[in-house]
Each structure stands twice: as structure tokens, then as C-alpha cells.
Amino acid sequence: MSNAATFDTRTDTAIPVESPLAFSYRHSGAPRAGSSSRVQLRERAMLGHLILRGGAIVLDEAVRDVLGISLPGKPQALVQDASGERSIQWLSPDEWLVIVPSGEEFPLETQLRERLGDSHYAISDVSGGQTVLEITGEAARELLMKAVIYDVHPRHFPVGKGVTTVFAKATTILRRPSEERWELVVRRSFADYCYRWLLDAAAEYGVNVEQ
Amino acid sequence: MFYIYCPYCGEHREEEEFHPKGQAHIERPKEPEACSDEEWGNYLFFRNNPRGVHHEMWVHAVGCRKFFNVTRHTVSYEILETYKMGEQPTITADSQKQPREAAAVSHQEGVRA
Ligand SMILES: [Zn+2]
């Protein structure tokens, strides 16, 4: 176990917890389009986000032991566990993003630190700093084509790929965990801007926001 | 649309994701204390400004955020190759004096229009 100072960022006190989009729902609303909707938008709020840094071989062993999925070594790769609830994404040759269900991030960090011992690595809990916006529906790709500079054609962006790129002038992570689902990982401070951009860009498809 | 090949991401990416960071292959003097003022001044402030082939450092700022090297032609702006930090260019001003085909054989193109 390393001597790094860690702490659980989730409090068990009665402080109300708000997602990064709580403000946006109050100010911009959450349109419902019903059955005519061609794009559905949903925030997957409060998930656990960890950034792993270090050598691929050392981290891979630890991650496979603790999480049961192997670290993607290929650039732009995104892997998930069988349930699809836990994922690891390649961000750079020595950096990965791990997303796990709410509340799992601190136990996971602790287990990884125990397993990694004195190896050369870093783990940062960034759960409070970013959020996941999920985009589904038949017009999802059309919507992305208006907003990201990256080529989202299925030939160029197959399932299991994720990139850090520019979405509406903001730095975001765009990933495709399944055939019909796209995810944007956005900074908390950009969340309102991105949400309002999405509402505007998706208005023509009859956007439906699930809360 | 202008694409640059990132050697770490292993694919061509939009120019908007990159930033240039000046001349590449500048080595910090091993013993700064032993440098003359002129040597230290040259290291800190003086840069090449060639007409033709130039080796530059770029960063994939929105992306993998890694620094890498670019061999670029300062007249045509053509990117002749990109390569990782610590590696040496295969295309240089000297190699460019020979016929182009010989130098560019089997090499990863740096840019695609
Ligand atoms: Zn890159």
C-alpha cells in the first residue's frame, strides 16, 4: 500500500447532491417529444470516474485482478465489463479513464492502490469534475456530425472506440459503447453549455430528455 | 479540412486539436554552470528559421496531449513526416536534396488533405 493520502469524496451527511445538469434543467428545461423523438438525451449522473496513469503492463495486471477487465492497450480503445456498467478507455499511451457505478470509485481506488504497492503510477478521482451525457436515437449520429470535428461515420468510429476531441468548441471525450448509444464525457463547468448546445442542435429531431 | 498524423494516437486528426511548440531537438546543456553566456544565450533564445525543411515540436493538445515532432516545409507548409519524441527524423534538408522519391520511400505520410 502506498502512502498516498486518499479520501472518499462521497459524504454520508444530509447535504443535497446535485448533478452538473441540475442547474440546466431548471433554466433550460428538459423537453419531452414523446414518440416522434429521433434523439434521446440522458445524463448518467454521479458515476465514479478515475484517471489511471502509469505503465500499461503494471496497470493492466492490477486492473484485471481488481476489476476483471483488461486495460485497453490500443489507442482509442474502449472496453467494458459484461454488464456494460464498468468501462476503461485509452486516453493516451500512459493514461486511462475508468468509469464505474456511483460509489464504487473509492473502494476501487483503494483496492488498486493496495494491489499496485510501490509501483510508479497515479490514480486521480475525477468524479466531481465531469459527467456523462448519453445520446441515443436514430438521429444521434446526424446530431454529432453537426457538433464534433471528429469523423463519426461507422467505418471510422466503430463500437468500442472513444476519442478526446472538440465538441462545440469544448474539449470532450466522445465514445461509442454500443451500436445505438453514444456517450459524451464533459467537464462539469462545460456541462450546461454542452447541454444547451445539444438542445438547440437536436431541436429539429424532436429531442427527448430523460431525467 | 487539414489533418495531421499523431504518432501516439496512430491516426490522422483534425488540425484544430494541435498546437505548434517551436523548434524540435533542442537539448538542454548538461552542465548549465559550465556554459559561457553565449552558449547559454544560444540555447535559450536563438532558433533556426530555415527556408525549407524544418523540424518542429507539436502537441496533440485536445487528444492524447503528447508532444511529438513534425518535419515541415516552411515554404509549402507541407508536413513531410511526424515522429515520436526521442526519435530522429528520416527526412532532413540534406535528404531532400536527393530526388524526393528516394527519401520518402515507405515512410508514413504526415499529412493528408
Ligand atoms: Zn494524439
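Colleague: How many of the 9 residues of strand β9 (residues 170-178) of chain A are buried?

Modeller: This is a predicted model. Buried here means under 20% relative accessible area. By that cut-off strand β9 of chain A is mostly covered, and the number of its residues that are buried is 8.

Colleague: Which residue in β10(A) is the bridge partner of L174(A)?

Modeller: β9(A) is joined by 4 bridges to strand β10 (residues 181-187) of chain A, and the two run antiparallel. They form a hairpin with 2 residues between them. Within β10(A), the partner of L174(A) is L184(A).

Colleague: Which residue stands opposite L174(A) of β9(A)?

Modeller: Strand β8 (residues 161-167) of chain A is joined to β9(A) by 7 bridges, in antiparallel fashion. The residue opposite L174(A) is V163(A).

Colleague: Which residue in the turn between β8(A) and β9(A) has a positive phi?

Modeller: β8(A) and β9(A) form a hairpin with 2 residues between them. In that turn, a phi of about 50° belongs to A168(A).

Colleague: What is the pattern of helices and strands along chain B?

Modeller: Chain B has 3 helices and 7 strands. Of its 113 residues, 42% are buried. Read along the sequence, the elements follow β-β-β-α-β-β-β-α-α-β.

Colleague: Which residues of chain B coordinate the zinc ion?

Modeller: The donor atoms lie at 2.0 to 2.4 Å from the zinc ion. In sequence the donor residues are spaced C-x2-C-x50-H-x3-C. They are C6(B), C9(B) and C64(B), each through SG, and, through ND1, H60(B).

Colleague: What is the geometry of the zinc ion's site?

Modeller: Four donors count as tetrahedral if all angles lie between 85 and 135 degrees. The angles among the 4 donor atoms of the zinc ion are 106 to 115°. The ideal angle for four tetrahedral donors is 109.5 degrees. The site is therefore classed, by the cut-off and its angles, as tetrahedral.

Colleague: How many residues apart in sequence are the parts that C9(B) and C64(B) tie together?

Modeller: Both residues coordinate the zinc ion. C9(B) lies in the loop between β1 (3-6) and β2 (11-14) of chain B, and C64(B) in the loop between β4 (53-59) and β5 (67-73), so the pair ties together parts whose separation in residues is 55.

Colleague: Is C64(B) buried or exposed?

Modeller: Buried means under 20% relative accessible area. C9(B), with 3%, counts as buried. For C64(B) the value is 2%, so C64(B) is buried.

Key
Residues are numbered from 1 along each chain as its sequence is written. Chains are lettered from A and ligands numbered from 1 in the order in which they are written. This is a predicted model: local features need pLDDT of at least 70, side-chain atom pairs count only at pLDDT 80 or more; totals for chains, interfaces and linings use all residues. Side-chain values use heavy atoms; hydrogens and water are left out. Buried means under 20% relative accessible area, exposed over 50%, partly exposed in between (1.4 Å probe, protein chains only). Donors are N, O and S atoms within 2.8 Å of the metal (3.2 Å for Na, K and Ca); water is not among the atoms, so sites may look incomplete. Four donors count as tetrahedral if all angles lie between 85 and 135 degrees; four count as square planar and six as octahedral if opposite donors are over 155 degrees apart and all others between 65 and 115; anything else is irregular. Two strands pair if DSSP finds at least two bridges between them.
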